[in-house]
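Please read the following report alongside the sequence and the coordinates.

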Amino acid sequence: MIRHAAAALMLATAGVAFAAPAHADKAPVYTGTFSNTAVEGHDPVAYFTESRPVKGSRDFRTEYQGAEFRFESQENLDTFHADPEKYAPQFGGYCAWAVSEGYTAKGDADHWAIVDGKLYLNYDKKIQNRWEQDREMHIVKANTNWPEVLK
């Protein structure tokens, strides 16, 4: 009888040890489901210097907040290292409009804006149009919701 109770306790304990958490937080930087690359592999510095999305290279990369950021040149990588908070997209690259609405959605590297020296991504063109109707209000709301929306 004691042997059966001990075996049952060991099984129950093993089940608890390997059980997945009921609710895991989202990563602080959006990378997609099967990737660890931020901004869909685009160079975040290029949005500021070239006013357009530019694909980064695996030759020039760094890790920031648990995600891989890629750059088109060593110069841009160095610029990012000097001030990553300035160049990394706001809200970890999640859609700025979604964060303002209290949830997360993917940010798309082709739907972006720089507002007051900060890079924002949106889900798609339709959502970006909604966001642009009152960017300042959406930014204030998103700042209020961030980072709690990751929980």
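## The largest pocket

The largest pocket holds about 300 Å³ of space, where a pocket is, on a 1 Å grid over the protein atoms alone, an open set of points at which a 1.4 Å probe fits, with protein on both sides within 12 Å along at least five of seven lines. Its lining consists of 17 residues, of which Y64, Q65, P89, Q90 and F91 are the closest to the centre; a lining residue has an atom within 4 Å of a point. The volume is the space filled by probe spheres set on the points, which are joined across faces, edges and corners.

Helix α4 (residues 84-87) supplies the largest share of this lining, with 3 residues; helices (H or I, at least four residues) and strands (E, at least two) are DSSP runs numbered from the N terminus. By class, the lining of the largest pocket divides into 9 nonpolar, 5 polar and 3 charged residues, with Ala, Val, Leu, Ile, Met, Phe, Trp, Tyr, Cys and Pro counted as nonpolar, Asp, Glu, Lys and Arg as charged, and the others, Gly among them, as polar.

## Basis of the values

This is a predicted model, in which local features need pLDDT of at least 70 and side-chain atom pairs count only at pLDDT 80 or more, whereas totals for chains, interfaces and linings use all residues. Residues are numbered from 1 along each chain as its sequence is written, and side-chain values use heavy atoms, with hydrogens and water left out.

D108 belongs to strand β3 (residues 108-115) and, with a relative accessibility of 13%, counts as buried; buried means under 20% relative accessible area, exposed over 50%, and partly exposed in between (1.4 Å probe, protein chains only). The side chain of D108 is joined to that of K106 by a polar contact of 3.3 Å, and the D108 side chain also reaches the backbone nitrogen of D110 at 2.7 Å. A polar contact is a pair of N or O atoms within 3.5 Å; within protein, one must be able to donate a hydrogen and the other to accept it, and residues adjacent in sequence count only if both atoms are side-chain atoms. When residues up to four places away in sequence are not counted, D108 touches E40, L121, N122 and Y123, contact meaning heavy atoms within 4.5 Å.

E75, in helix α3 (residues 74-82), is exposed, with a relative accessible area of 60%. The C-alpha atoms of E75 and F60 are 9.2 Å apart in space, while the two residues are 15 apart in sequence.

## Salt bridges

Side chains of opposite charge can pair when their charged atoms come close. A search of the whole structure finds 5 salt bridges, a salt bridge being a side-chain nitrogen of Lys or Arg within 4 Å of a carboxyl oxygen of Asp or Glu. One of them joins the side chains of E50 and R52 at 2.9 Å, N to O; E50 is partly exposed at 29% relative accessible area, and R52 is partly exposed at 43%. Another links R70 with E68, whose closest N and O atoms are 2.6 Å apart; here R70 is buried at 14%, and E68 is buried at 18%.

K141 forms a salt bridge with E101, the closest N and O atoms lying 3.4 Å apart. Because K141 sits in helix α7 (residues 135-145) and E101 in the loop between α5 (96-100) and β3, this pair ties together parts that are 40 residues apart in sequence. K141 is partly exposed, at 33% relative accessibility, and E101 is partly exposed at 38%. Salt bridges that share partners join R61, E68 and R70 into one network.

## Backbone features

E40, which is not a glycine, has a positive phi of about 50°. E40 is found in the loop between α1 (2-18) and α2 (44-49) and is partly exposed, with a relative accessible area of 32%. D116, likewise a residue other than glycine, has a positive phi near 50°; D116 is placed in the loop between β3 and β4 (118-122) and is exposed, with a relative accessible area of 75%.
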